[in-house]
Amino acid sequence: MENLTVILVMLVAVVVGGALSRLSPFPAPTPLVHIALGALIASVAPLGMELEPEVFFLLFLPPLLFLDGWRIPKEGLFRDAGTILEFAFGLVFFTVVGVGFFINALIPAMPLAVAFALAAILSPTDPIAVSSVAKRTPIPKRLMHILEGESLLNDASGLVCMRFAVAAALTGSFSPFNAFATFLWLIVAGVACGVGATLAVTQLKRIVARRAGEETGSQILISLLIPFGAYLLAERLHGSGILAAVAAGITMSYVEQSGQALPVTRVRRAAVWDAVQFSANGAIFVLLGEQLPRIVAGAAQVVRETGHHEPAWLVIYVVAINAALLALRFVWAWVSLKFVLFRAARRGEPLEAPSWRLVAVTALAGARGTITLAGVLTLPLATYGGAPFPARDLAIFLASFVIVVSLVAASAGLPFLLKGLQLPPEPSHQLEEDRARVAAAQAAIIAVGAAQHRLGARRGDADLYAEAGARVMTFYRSRIDARSKNGEEANLARAAEAIERELRLAALQAEREEYFRLARGRELPEETARKLVREVDLVEAQINPA
């Protein structure tokens with residue numbers, strides 16, 4: 001009962017945090033609000049939760065990473081694969097070495113291996129927080145895709161580096177050959193498990209659905225279980241469960257292109273996954289806030305033991321480490337951009353060098369979050385000899401407050417850097433969209449004609465089928481006519497479509513209100529009212545998905 005109460009309190013805090021973030025007059029990232037609420041809960045009524053890192057990883061990371069892999073635009077992922085890999089792997093190693101030595105010099109009492117472990121767990125970025133800022137201060141789409149792709153892959157590389165650093169701290173030795181072999185196996189096994197598990201489950205699901213029909217609830221539940229299955233399988237084979245969840249999500253996006261699922265399944269499944277994403281993301285940061293008081297107390301004790309009697313040194317450490325992370329990321333982004341321009345010049349492609357502010361945006365957008373919190377909590381409690389793991393509480397404190405400071409910096413700095421920034425034009429996909437709509441409308445007209453002749457053949461009311469088919473075809477012919485125009489005519493056609501959409505939305509709103517009025521007056525059965533309102537909602541979602 002106590003655990004259930006804790007869960008309910010956390011979920012309430014997630015809902016309240018989301019509302020406060022939307023009501024805030026300035027761009028306050030939702031994760032930052034959730035952290036503040038968690039700290040408030042801990043100060044008023046401590047939940048007394050002890051985070052088990054393995055349970056934390058299993059409950060939160062697989063579904064979130066799976067959904068990111070499922071929904072991330074694959075065109076952008078593959079188009080900028082080189083840049084994403086540079087950030088996801090090269091920048092991680094650069095950060096581990098640079099920040100690791102910096103932390104060891106800043107805090108001599110922290111052994112070098114522990115400093116490397118802390119730097120490794122600080123290297124993965126979290127685009128969730130930046131996405132919340134981007135809702136009010138839009139980040140260029142291409143840059144956002146790069147940040148999302150980077151965060152999908154650098155989780156694994158950062159955690160692997162941390163694992164080797166912790167092993168070095170425990171044993172006092174390090175083998176580059178073994179590290180490389182282990183890293184390679186983690187990647188191969190993780191990706192193979194993610195792809196294999198998804199393909200196997202979806203193929204089995206397809207066979208069962210073909211013979212027994214599709215049940216929406218079970219299909220949604222299967223999609224929720226796939227990331228956990230892929231993660232556990234990879235971990236059992238000593239692969240990367242994180243990469244398995246990501247690979248499973250990417251595979252799922254391609255499997256879904258077969259169009260096997262029923263439309264109602266896709267609609268309901270999307271709603272369920274949106275709720276899971278919102279709840280899990282919020283709960284993670286509420287948990288972080290709830291843990292902060294204990295983390296601060298433990299770190300203050302460590303600082304006093306190192307000879308600094310003023311806990312103010314903790315603030316200096318956090319600010320200095322954030323500055324080092326930001327500086328190294330800025331340098332890496334600038335060098336990476338130079339390589340992109342160099343390769344473009346070699347291919348004869350004229351590219352204008354972006355402003356330094358865009359490079360600064362790339363650096364500042366690397367906020368830390370979920371993986372950093374979960375990873376630092378996995379630091380062992382003791383060495384093999386039984387002694388306490390050196391500076392563990394201090395490392396947890398530094399990682400936790402680096403998350404907070406990076407979120408604050410992104411919230412305050414990104415709107416300033418992006419204001420009035422001249423950005424390279426984003427590629428427009430309007431032509432491809434128009435062509436797809438025309439092709440789909442033409443296919444629909446052919447299908448309606450074939451169905452009309454088949455259903456109306458040898459029937460006395462064939463004229464009814466012809467009349468109904470003509471009405472349906474008129475809708476699709478108007479779409480073809482509107483989407484086949486160019487220049488000013490195309491602009492006028494799109495303007496007319498926008499006006500028509502507003503009128504249809506007004507009509508749908510009136511329909512819905514009338515159904516509700518009839519249901520309130522007991523003039524319409526409640527079950528029938530729900531059915532009719534759902535029909536209106538689905539039509540409105542089709543013409544106004546935003």
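The model on screen is predicted. Colour α11 by burial next. Of its 15 residues, 14 are buried, so the helix is largely enclosed by the rest of the structure.

**The whole chain**

Zoom out to the protein chain, which has 20 helices and 0 strands. It runs to 546 residues, and 45% of them count as buried. Take the contacts between residues at least 6 apart in sequence: 80% of these join residues at least 24 apart.

Select histidine 238, in the loop between α10 and α11. Is this residue buried or exposed? Histidine 238 has a relative accessible area of 60%, over the 50% cut-off, and is therefore exposed. Its phi is near 65°, a positive value in a residue other than glycine. Most residues other than glycine have a negative phi.

**Serine 223 in α10**

Step back to helix α10, residues 216–236, and pick serine 223. Its relative accessibility is 1%, so serine 223 counts as buried. Show the side chain and look for two polar partners. The backbone oxygen of isoleucine 220 is reached by the serine 223 side chain at 2.7 Å. The side chain of tryptophan 273 makes a polar contact of 3.1 Å with that of serine 223. Leaving out residues up to four places away in sequence, serine 223 touches Phe66, Met252, Arg269 and Trp273.

**Helix α5**

Now select residues 81–106, helix α5. Its 26 residues should span 38 Å at 1.5 Å a residue, and the end C-alpha atoms are 35 Å apart, which agrees. Where does α5 kink? Centre the view on glycine 90, where there is a kink of about 30°. To see the covered residues of α5, highlight its buried set, which includes Thr83, Phe87, Leu91, Val99 and Ile103.

In soluble globular proteins, nonpolar side chains tend to be buried together.

Centre on methionine 110 and show what surrounds it. Beyond four places in sequence, methionine 110 touches Ile103, Asn104, Ala115, Leu118, Ala391, Leu394, Ala395 and Leu398.

**Along α16**

Select α16 by itself. At 1.5 Å a residue its 27 residues should span 39 Å, and its end C-alpha atoms are 38 Å apart, which agrees. The helix is mostly covered, with 19 of the 27 residues buried.

Pick isoleucine 396, which has its place in α16. Isoleucine 396 is buried, because its relative accessible area of 6% is under the 20% cut-off. Apart from neighbours within four places in sequence, isoleucine 396 is in contact with Ile295, Val376 and Leu377. Isoleucine 396 and glycine 298 are 98 residues apart in sequence, while their C-alpha atoms are 9.1 Å apart in space.

Move along to alanine 412, where α16 bends by about 25°. A proline, proline 415, follows within four residues. After α16 comes glycine 420, with a positive phi near 70°.

Select cysteine 161, which counts as buried at 13% relative accessibility. Cysteine 193 also counts as buried, at 6%. How many disulfides does the structure hold? There are 0 disulfides in the structure.

**The loop between α19 and α20**

For the last stop, select arginine 522, in the loop between α19 (487–520) and α20 (526–543). Arginine 522 is exposed, with a relative accessible area of 73%. Although it is not a glycine, arginine 522 has a positive phi of about 60°. Return to histidine 238 to see another positive phi in a residue other than glycine.

Note on methods. Residues are numbered from 1 along each chain as its sequence is written. Side-chain values use heavy atoms; hydrogens and water are left out. A disulfide is a pair of cysteine sulfur atoms within 2.5 Å. Buried means under 20% relative accessible area, exposed over 50%, partly exposed in between (1.4 Å probe, protein chains only). Helices (H or I, at least four residues) and strands (E, at least two) are DSSP runs, numbered from the N terminus. A polar contact is a pair of N or O atoms within 3.5 Å; within protein, one must be able to donate a hydrogen and the other to accept it, and residues adjacent in sequence count only if both atoms are side-chain atoms. Contact means heavy atoms within 4.5 Å. The expected span of a helix is 1.5 Å times one less than its number of residues. The bend at a residue is the angle between axes fitted to the seven residues ending there and the seven starting there.
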